[in-house]
Each structure stands twice: as structure tokens, then as C-alpha cells.
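Subject: The structure we talked about

Hi,

Here is the structure I promised to pass on.

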Amino acid sequence: MSTRTLPLLFINLGGEMLYILDQRLRAQNIPADKAKKDWLEEERKRVMNDIITTMFNKKFLEELFKPQELYSKKALRTVFDRLAHASIMRLNQASMDKLYDLMTMAFKYQVLLCPRPKDILLVSFNHMDAIRDFVKDTPGILSQVDETNKQLIEVIYTPLSGGEFQLIRQTLLIFFQDMHIRVSIFLKDKVQNSNGRFVLPTSGPVPYGTHIPGLIRIFSCSGEELRRMQFRDGGNYSATLREGSFEMYGDRVIKLGTNMYSVSRPVETHMSGTSKNSSQHTKVNTTPNPLAKEELNLLARLMGGLEVQKSTNTDSGFRVNLFATDEEEEEALISRPDELSYEVISIQATKDKQTNAALAKIMGEFGETSEPAPSSSSKGDDLLAMMDGL
Amino acid sequence: MSKMYHKEKSIQLKSSASALYNNLSVLRIAPRCLTYFTVVHANVVNMVSASWDGLNYSHRQLQSKEGNVATSSSLIMQAAWCVLPSRDLLVLTSQKGIQMYESDGSIMVYWHALDTPETPTAKAVFARGIAAVREKYICVGVSSGSVLVFDVPSKGSNITLSEVLEEHKEAITDMASECSGNLECIADLVSADDSGLLCVWKSGEDFQLLNKIPGFDTSCSSVKLWKGTVIAGYGTGQIRLYEGVTGILLAEVNAHARWIYSLDIAPFTGLLISAAEDSWVRVWHLSLTPETNSVEIEHMYNECVTDTQICGARFCDGDGYAFAVTGYDLSEIIRYTQA
């Protein structure tokens, strides 16, 4: 459908990922020793900077912003896997799954609740504003983020009509179709029901440009109003708020897309009780090959632009757990329902020799071009040793 | 005051409804005591045939087509039955083209491929907006704003593209033909687009543009034509009624708090149903006085489908005795009948 959906999907999902990682990194900063605390704080900032730098890599974004159809869920998950590992931070499979669940459900919620389709842009700006804040002390990365923001505004989205934004929204909703994972922070705030569906209130301010329902006006042939009547609309709507700013800086008015996590409000997802529908739905990509050739080419171009500090040894690097304990993390991996497993693209999955060779080359390139700096891996070792001692 | 409608047993679907305008089509087959329903899910159309006694349901799924590929992932924008005097056809519009089937979905009788560019362009390409006009035309809208007019023989697959109407500059959203059955009506077809522009046409060997009613900077997502009156639903939640040939605004209703997704008319009684992202389905009654060119619109009924963004609402019969509703992410067709 819309060929301009991918940048919005990427930026908003990326933004949610950063919110969650930031919260977990802060939450794991438990040692009482001030020196260790400061050091962990340094590491947190470094992880965030590394990921944001990768996210806003110029070549990568150039590819992303080209008009194209949305990626499959698999392909997008692979991109975020790479992104999440763009620093010395390491996530186990279960934590990565949970991270992705949270990101996608959060953005699905934001897309659904947007008053107008155009407001998805304001949600994106909320994420961009927060990202800018994460890197405000690092001018190099900050200018990258600002440049992307400018591109978003001027080149891509300002000329779009309301109808075209609705097409983008409809495309996103197809991507999120049938996802009903329950997120405890949503359940607690009563924005999600226990069946995984979001609450859609029939009250509150109407979108900018919409009138409060209730009025019927009848006109004469000459255009004058003959009479007006009221009908009972059954809801409890109020007047619209002012319009949010679509400029580089400004009050966005809409709260969707701002950071809802904090150290005191941790996030959990519930795997059980997901609706039967999730196993019933027909997958959009019905191609028999798990990795469509087009997607592979796209991924190759994208990955070529990503500088990744890849470490094959999962023990080095700074491990982040999205669960309260290691045991919970292990349990989550084992008990994850089949229909909710994310099939990350792996070399073994492809039977096509050519595809296989191409993918191997891409993966190989990562290993060659990016050696972790000696200092960082030793820092990682130090950290791990320290955590073992806790 | 007792409720006008009450909820009936829902019909289960094989997959959930996608968030697309006018995402429900109904075909009533009186001689066989059956009603067919179609609901679009991404690249698949779910078709259900329901017997009137509520005892028998049968399902069929149709997939989008693409060139020579057997199955396609291209997304379907709309599916609708076209009722012509001699035959009924089921039309599917997708990102790649237009498919026409026999009414039970068993055989595809025609395929028209859209001009899709090699590399994707900033403006998406797709077909959307379906209407059967008079005895032999099926009209389909395109994202470029073109309206394709197909000439349909009384039987067989010799369907031809007879004309391309170029008045709209923005993507077509919906189209509707005169549904009152009154052959004296001058206007046969109305087409709507993303800018809110409405074009009113008279059919024939060459379709004639009767009027262009400008939009007010907001998309018109659903449109109906009844007794010469254009009924249009907009992204702002408003419904507007225009006299078709003259373009005179007759009435304006602040009907919904969110984008309207579906409108339908019961031609025998003048009942109008509107449904939107705000979870509300509303039933209105229209009465037209042609002598004074005036309209009366009375609000009759509200139904809130809790926590659902509605994407399709249709009457199941010409009197408006029953209606059906679909919603995004819902795997059922919810039905209501008059109490």
C-alpha cells in the first residue's frame, strides 16, 4: 500500500526500543558503590549513543527513506536485532523477543489511538524529541538526528494529504494485525483489556478539525441555514485541543509517543491468554521461500550501511535482561507460544545457494570490518566479573 | 423507549478484517434464502455464505492475483458485489489490478492489470472504489484518480475496458451508483476522492460529467447516491448531503468523532447507516421532497461496538431490517436486526 510507511515504522519502533533499554539500563544500576554507579551510568550513556548513532547512520537512512513497500515482520525484526546489538550491550533471545513485543505493541497502541492519521507524525516527533534529548551532550550524533528530523518534515511528510496519511495508517495497521500481546503497564493503566485489545474511549477531545458529534443542519437551495437539530450521540466528547506543532521544535500536544516507562514502572508481557485469532490469521507474505529475494537485497543494502560491533562470544559485552531474574528469562524462552515466535532470518533457513552465499558475505563483512576496541571488551569483562561478585 | 435494533448471533470469519474503507459487502440471494458476505484481510478476501435459518455457513477465501503468479502478497483494497440485471459479479481491487469473479467466487472471469512502475514511487498505486452502473457497466477507481469503465456482457468473460474517466487528481476512495431503482434519475454514478472532490456522472457509451462538487480539504471515504442525492462521509466525521446534479448542499451532520469508514442506504425506506473509527454505528432516516428539493434527516439509533474501530457497515436487505458490521482486528461479522 503506502510506500512511505517504513521510515515512520522504523523511527517509532526505534524510539520505543530506546525508552525500554534506557529504563532497563537504569534499573540494572543497582550497586551502592558510587564508583560502580558512575561507571554503569557512563556505560548506559555509551550504549544509548552507540545505538542512536547506528539508527541514524546516513547510508542506512537513505535506503530507508526510499519509496518502498513495508518489510515483512521477519525482515524488520532482523533489522532491530542488529540495532539492539550495535553497542557492547547483549540481549538473550528471550529478552530480545520481549523487547520486540513491547516495542510493537506500544506503537500499535499509538497508531490506533491517534486522533487523526496525520497525528502519527506528531507521535514520531515525540520519539525524535526524546532521542534528541538522549544525545543532547553529544553534538556529533545530535546533528545526525536533527538532519533526519528536517528530512522527515520537509521532504517526506509535509506535502502529504490527510487521505495519504490514512493510507499510511492503514498500512501500519495491516502490519500490526492480530497482535494482542498483553503488556502489564498497559493493563495497569487500563488502556488494554485482559483479552489484549486496546481500550478505545468514546469520550475526550475530538481530533483537530472535527466537530463534536450532535448537530444536524438543514440548508435551503440558496445556501442559508433553514434549521438545526441536535441528536444524542451517546459519547462524552469535548472540544478539540489546539493543534500540535509540526516544526523541528514545538509543543506536540499529543502525549502518544512520549516515554511512559520509568524505573519504578517496569514492563512485563504476558504470553498466556493471547486470543485464538493470532493463530488463525493468514500471513501476508505467502511466498514459500522464507526470505524473499527482494527483501534480501534490501537487507543487504541496509546492513552494508550499519556499523555493528559484533561479538560472537555472548559472554563479552554488557548483558541486559528484560526480565526480573535470569530464571524468568529462561522460562520465558521455553514457554513462548509457537505462533508468537519471531523468525529471525538465519543462514540455515535459506535453501537457495546463491541467497545463502550472499547472506553469508553480508554477515561475514560484519565480523571483518568491526573489531570491538580492546578497551571496551575489557570493560565488558570487568562488568561481568563485578556482576558475578554481586 | 425500546431499542430499534438488537444484536444477533455473529458470523465467524477465517481471519480478521483489515482497516480499509467500506470493508464489508453483502449480497442477498432471495431465491436460495442465502446471504453472502465478504471481508478483506490483507491479501485475502473472506467470503461467507449464510443461510437465512442460521443453520448453515460455508466459507471461501479468494487471494489477490499478480501477473502470472498463482498467489500474491499484494494487498487488496476493496471487495464488492456488482449487481447487474443479467448477472452478479464479485470484484476485487488490489495493488496490482482488478479481479472479477462469478458471484459465488468460484471462477475468475476477468483480470485487469494496473500499470505498476518497476521501482516503487512515492505515490502508491492501487485500485479502489467499485460500482455497478445501469445495465452493463462496472466502474472501478484508481489511485491516480482515474475511473475505469468496464463494459460487461450478460454472460461470459468478454469484459472490456470501454472508457477511462479523468476528472479526479487524487486517489479514488469510493464510488456509488443510483440505488433507488428509479430510472428517471439523471445522475447514475458518483465518485469520491482523497481531496473530498465528488464527481457526478451520467452513464452511456461515453460517460458524461454532470457536476464536480469540491471538497473542503478533507478526504471523502464513503459515498452513496439515492434519489439523485449524494450522501458523503468524510475523514472529519461529517456526513454531507448534496443534490447531485446541481451540487447544492442540502444538509450537514456532525455525525462522528473520528474518520467515517462506511455508509450504506436501504433504498426502499431511506434508512442510512454510518460507521466510523470512533466505534459508533448510527442509523438515520432520510426523506426527500423532490418538489422543494429539500431533505429531512432524523437520527434513529446508535450502537457502540466497544473498543472497535469499525471498517464496514451494510444493510442486509433493501428495507434496512437488518445490518452487519465489521471492525479492525475482529474475526467476526456482527449482526443486528430490528426488534
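Let's start with a pair of residues: Arg217(A) stands opposite Arg228(A), which belongs to β5(A). Before going on, note that this is a predicted model, where local features need pLDDT of at least 70 and side-chain atom pairs count only at pLDDT 80 or more, while totals for chains, interfaces and linings use all residues. Residues are numbered from 1 along each chain as its sequence is written, chains are lettered from A and ligands numbered from 1 in the order in which they are written, and side-chain values use heavy atoms, with hydrogens and water left out.

Back to chain A. Strand β4 (residues 215–219) and strand β5 (residues 225–230) of chain A run antiparallel and are joined by five bridges. (Strands are DSSP runs of E, at least two residues, numbered from the N terminus; two of them pair if DSSP finds at least two bridges between them.) Together β4(A) and β5(A) make a hairpin with five residues between them, and Gly223(A) in the turn has a positive phi of about 100°.

Now chain B, which has two sheets to look at. In general, strands of a sheet pair through backbone hydrogen bonds, either parallel or antiparallel.

- One open sheet has four strands in the order β7-β8-β9-β10 (chain B), with antiparallel pairing. Its edge strands, each pairing on one side only, are β7 and β10 (108–113) of chain B. The twist from one strand to the next averages 15° (axes are lines fitted to C-alpha atoms, and angles run from 0 to 180 degrees between N-to-C directions). Inside it, β8 (residues 88–94) and β9 (residues 97–102) of chain B pair over five bridges, and Leu92(B) stands opposite Gln99(B) in β9(B).
- Another open sheet of four strands runs β11-β12-β13-β14 (chain B), again with antiparallel pairing. Here β11 (127–133) and β14 (160–165) of chain B are the edge strands. Neighbouring strands are turned by 25° against each other on average, direction ignored. Five bridges link β11(B) to β12 (residues 137–142) of chain B, and Ala132(B) has Ile138(B) in β12(B) as its bridge partner.

How many residues does each chain bring to the contact? Chain B brings 66 and chain A brings 62, where contact means heavy atoms within 4.5 Å. The two chains bury about 4,900 Å² between them, 51% of it on carbon and sulfur atoms; buried area is the accessible area (1.4 Å probe) that two parts lose on being put together, summed over both. Asn254(B), Asp307(B) and Tyr328(B) supply 13% of the area that chain B buries against chain A, more than any other three residues.

Enjoy exploring!
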